[in-house]
Amino acid sequence: MARMAMAKEQIFALRRQIAKIEGSLPERFAVPEAASGCEAALRRYGRPEKAPAAGVPLSETGAPHLDAALGNGILQTALTEITGRETRDSGAVSGFALALAALVSRSGEGRETARPVLWIGLADMLSEGGFPYAPGLEQFFGLAPEKLLLVRANRLEDGLWAAEEAARLGSFSATILELRGNPAKLDLTATRRLHLRAREAGRALLLVRHSAEPVPTAAPTRLLVSPAASPLRETLAGPLPRSIGPPAFAVTLSKSRTGRNGSFVLDWNPHDFAFQERWPSRERQLVRKNGRAQDSGDLVAASFNGSDSAPAPWGGLAHGQERKRAS
Amino acid sequence: MGRNESAPADFPPLVISQRENNALRIAALNEQAELLGLKPGMGIADARAMYPGIEVMEADPDADRQLLESLADWCDRFTPLVALDGRDGLFLDISGCSHLFGGEDAMLAEIIRRLTQQGFDIRAALASTPGMAWASARHSHSRDRNVPAGQEEQTLAPMPLAALRLEEKTRTGLERVGLRYVGALIDAPRAPLARRFGRMLVTRLDQALGVVEEAISPRLPVSPLSAERQLAEPIGTTEEIERLILILARTLKPDLERRGEGARRLLLSLFRVDGVVARIVVGTSRPLREPTTIAKLLYERLAALEGSLDPGYGFDMVRLSIAVAAPFEMEQTDLAEGTSIAEEEFSLLADRIRARLGEEAVLVPALAESHLPERRARFVSSGKEIARPTRTSQPMAGGRPIRLLEKPEPVEASAEVPEGPPLSFRWRRALYRVARAEGPERIAPEWWREEKPGQTRDYFRVEDMDGRRYWLYREGLYGEQTAPRWFLHGFFP
C-alpha cells in the first residue's frame, strides 16, 4: 500500500515536471479531490472550480463538467476559438459555434429583445461548406431569420476588419467569424486585437476555423470540435432504433482560462437550448474511433498527434490577464 | 467646342488616316501638315506623293471617344450638365454657373486657357441656345465668341449653311438652289422650305434662334445637392481628402435639413490636376444627414480603394454630391431608447461594410412560401429595399439542415432497395458509410412556377460512421426514363 502511494507520488512529481517543461499549468495535473458521486468523470478535470468571479459575464453551457473546466461557463466577453479538423465537419463545427451563440444571446436578455447574430464568412468557406440555412438555424438554435446578418468577405483582411468593427459595436449578441485553414495573417496580433475588441464591447466573438490545425492564438478558450454519433430519438416507447436524434458533438477543450483541458461528448437539446453531457461509458462506444475524443481512462488525457495542441506561447499570459481582470 | 491635338513646332508633319469608301483619306492633321497645304479629306496616297516625309497614323475612333469622355469628366468642374456632341464636341450648360467663375466671359476664357494648357486646340463659343453656340464655335472667325442674347439672327445670318447642323443631303439640296448662307433662310417663307427639305431644316433654324427650346442630354444624372471645394494647392493624401469630406458634409447638412431629406446615395468626385476624375459612390441603408456619419462611410470606401485610387499630381477640386436623397424621418424617441440606437448602429455598420467590401457583401435571409429548400430561404443583399417576408405559417415537416450548399453536389450512392435510403455514398472523392438514415421526405417540383419544373426529390437525413449528418436527396423516380440521381444538399449539426 505504502509502496503504491510512493509510486503515485513519484508519478505526480514527474508529471509536474513535464507540465513545467511544456509550459502549461500544473493544476491540470493535480490530484483531483474526490467529488460526490462522479469521481470517474471528475478525475480529469481537477479540483471543482471556485464560485465564479464577479464581473466576468459567463454563460453556462448546461454540461457540468465542461462548465467546471471552462470556469463556470463560456466567457461572454471574449474571443472564443472553435476549431474543426476537416471541412466536411462543417456541420458539427458551425453547429457548435451557433449553439454557443444561442447560449450567449439567451443569457441575460429576454428572448424578445435578443440582439442579432452577425455571421462573417469567407467566400471560399461559404461555397465549400454551404451557406447558413435560416430554417435550420431557427429549428436547432432558435435563431430567428430576422436576427441573422451574413457578411461574405472575399479576403481574410476584409473578414477581420468586419469582425473587429462588429465586435467594437456591441449591437450584436455574438459575432461569428468563419474561415478555412491556417492563414498566416490570422496570427497572435490579429487574434489579440479581436479579443481586446470583444472584451471592450462586452460581446462574444466566436472564431470558427474549419479544416485547421490548432495554432497559437490570443483566444483564452479553444475548443476542438468534431462530430459525434447522435443519440437515438426518444419516444414514449423508449429510444427508437436506427433513428437520428438531437445534434451531438465531440468537444475537446484544449485551452481554457482555468488551465484545465478535457474531452466531452455533448448533446444539444434544441428545446431547452442547453447542452447535455453524455455518460463516459456510453461515450466510449459512441465517439469516433480515431482516438480524438476517446476516453482513454488515463488520469491525464493522452495527447494526440504528437503533442498537446499548441500551448500558449507566453506561458499562459492570456490566462494570467483574465485572472487579473477577474480579481 | 472643337478639338484638335496640336503638336509642338519641332514635330514632323503628321496626318491621321481613315478609310472612307475603300480609300485612305486624311481625317485630321497637325499644324505642320496644314502648313504644307494638306487638307482633311485628301487621299493619303496623294499626300504621300506630294510629301514623302509626312508621318501617317491610323485613326482610332475608340481612343478619340475615350479622350472626349475624359474631357467631359474634366468639364464637370464647370457645370454638372455636360453632354457629348458627335465625335469632337462638348456641350456645357452653364446656366446659373457662370457667376462662380466671374461672369460669362471670364468663364469662357478660363475654359479655353485651361484646355489650351492641356495641349488641346479648342474653339469655344457661348450663346443662349445650343444651336447658336455650336454654329459660332465651328463657323465663326474668332476662337472665342460670346454671342449676346438677342443677337442670334445677326450672328447667324452670314454663316454658311453647315452652321445649322443639317444633313448632308439637305445642305447640298439647298446649295443647289442657290441658298448658301443662313441669312437667306431666315427671311425665306417657311412652308415651302419645310415641304421641300423636311421639317428638320426649320427645326434646326428655330433651335439656333431660340424659338424652339432644345435640351442637351447630360452624361451624368444631376445630383439634387452638392458641395465642392476648389483647391489652390492640389492634395493627394487620404487624410487630406478625409478632412475635406467632413467639411463638405458639414456644408451640405443645413441644405438637407431645410429640405427635410437625408442622403441615400453619395457621390464623391475627385478632380485630378491632369484632368482625370475619380468618382466614388456609396449607398446608405437609411437617409443620412450627420456629417461625421457621412464622412465615416466615405472613409471606408477610400480605405478600400487605397491601392487603386491614384492621386497622380494631386486633386485640385473635390465635390461631394448627394446623388439620391430621401425624406428624413424624424425619429420619435420612445422609452426603449436603446433599441433604436442599436438599430442605427446596426445599419451604419452594414453601410460601412458595404462601402468597403462591396454592395453584395452584406446579406440577410429572405423567406418565401415554398417547399423547395433553396427557394424557401435564400440570402439577398441587405441594401436592397425588399419587403422582408415574415414568418410563414407553413409547418416545418422534417428537420432542416443548418448549412445548405449553393448548388447541390452530385454523389454516387448505393442503396439496399431502390427506393430506400443509401447504404454508402461517395462525395468529393471520399466514401462514406451510412450508419443511420431517416426519410424519405418527398418534395415535389413546383410545376405552377416554372415552365420546366425539376424532378421529384426524396430527401434523407443520414449519419455516417463518424457521426457527420448530411442531407441527401434522390432526384427522379424509378421507372422513369432517366435513372434517379443522388445529390448532397446540406449539413446538419
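This is a predicted model: local features need pLDDT of at least 70, side-chain atom pairs count only at pLDDT 80 or more; totals for chains, interfaces and linings use all residues.
Chain A contains ten helices and 14 strands. Of its 327 residues, 50% count as buried, and among the contacts in chain A with a separation of 6 or more, 68% are made by residues 24 or more positions apart.

An open sheet of eleven strands, with mixed pairing, draws on both chains, its order being 14(A)-13(A)-12(A)-9(A)-3(A)-8(A)-7(A)-4(A)-6(A)-13(B)-14(B). The edges are taken by strand 14 (274-277) of chain A and strand 14 (377-381) of chain B, each of which has a single partner strand, so that one side of each is left without a neighbour in the sheet. From one strand to the next, the twist averages 30°. The passage from chain A to chain B within this sheet is made by strand 6 (residues 148-153) of chain A and strand 13 (residues 362-367) of chain B, which pair in the antiparallel sense over two bridges; here Leu150(A) stands opposite Leu363(B). Helix 8 (residues 188-201) of chain A packs on the sheet, where it touches strand 3 (79-83) and strand 8 (204-210) of chain A, and the direction of the helix makes about 150° with that of strand 8 of chain A.

Helix 8 of chain A also packs with helix 7 (residues 156-169) of chain A, at an angle of about 20° and with the axes 7 Å apart. Because angles under 35 degrees count as roughly parallel, helix 7 of chain A is described as roughly parallel to helix 8 of chain A, and the crossing of the two is left-handed. On the side of helix 7 of chain A, the contact involves Leu160(A), Ala163(A), Glu164(A), Ala167(A), Arg168(A) and Leu169(A), which meet Ala190(A), Arg193(A), Leu194(A), Arg197(A), Ala198(A) and Ala201(A) in helix 8 of chain A. By class, the residues of this contact comprise eight nonpolar, no polar and four charged.

Between the chains, 40 residues of chain B are in contact with 47 residues of chain A. The elements of chain B that give two or more residues to the side touching chain A are helix 13 (337-357), strand 13, strand 14, strand 15 (403-415), strand 17 (430-443), strand 18 (457-464) and strand 20 (485-492). Helix 13 of chain B provides the largest share of that side, with eight residues, and the side as a whole has 22 nonpolar, three polar and 15 charged residues. Strand pairing between the chains also involves strand 5 (residues 131-132) of chain A and strand 15 of chain B, which pair in the antiparallel sense over two bridges, with Pro132(A) opposite Arg403(B).

Within chain B, three strands form an open sheet with mixed pairing, in the order 3-2-4. Strand 3 (23-29) and strand 4 (55-58) of chain B stand at the edges with a single partner strand each, so one side of each is left without a neighbour in the sheet, and the twist averages 45° from one strand to the next. Strand 2 (residues 14-20) of chain B pairs with strand 4 of chain B in the parallel sense over four bridges, and the bridge partner of Leu14(B) in strand 4 of chain B is Glu55(B).

Helix 5 (residues 130-139) of chain B has eight of its ten residues buried and is therefore largely enclosed by the rest of the structure. The buried residues of this helix are Pro130(B), Gly131(B), Met132(B), Ala133(B), Trp134(B), Ala135(B), Ser136(B) and Ala137(B).

Terms used
Residues are numbered from 1 along each chain as its sequence is written. Chains are lettered from A and ligands numbered from 1 in the order in which they are written. Two strands pair if DSSP finds at least two bridges between them. Axes are lines fitted to C-alpha atoms, for helices over the stretch in contact, and angles run from 0 to 180 degrees between N-to-C directions. Two residues are in contact if their C-beta atoms, placed from the backbone, lie within 7 Å. A residue is buried if 20 or more other C-beta atoms lie within 10 Å of its own, exposed if 12 or fewer, and partly exposed in between; C-beta atoms are placed from the backbone. Ala, Val, Leu, Ile, Met, Phe, Trp, Tyr, Cys and Pro count as nonpolar, Asp, Glu, Lys and Arg as charged, and the others, Gly among them, as polar. Angles under 35 degrees count as roughly parallel, over 145 as roughly antiparallel, 65 to 115 as roughly perpendicular and the rest as oblique. A crossing is left-handed if the near helix is turned anticlockwise from the far one by less than a right angle, and right-handed if clockwise.
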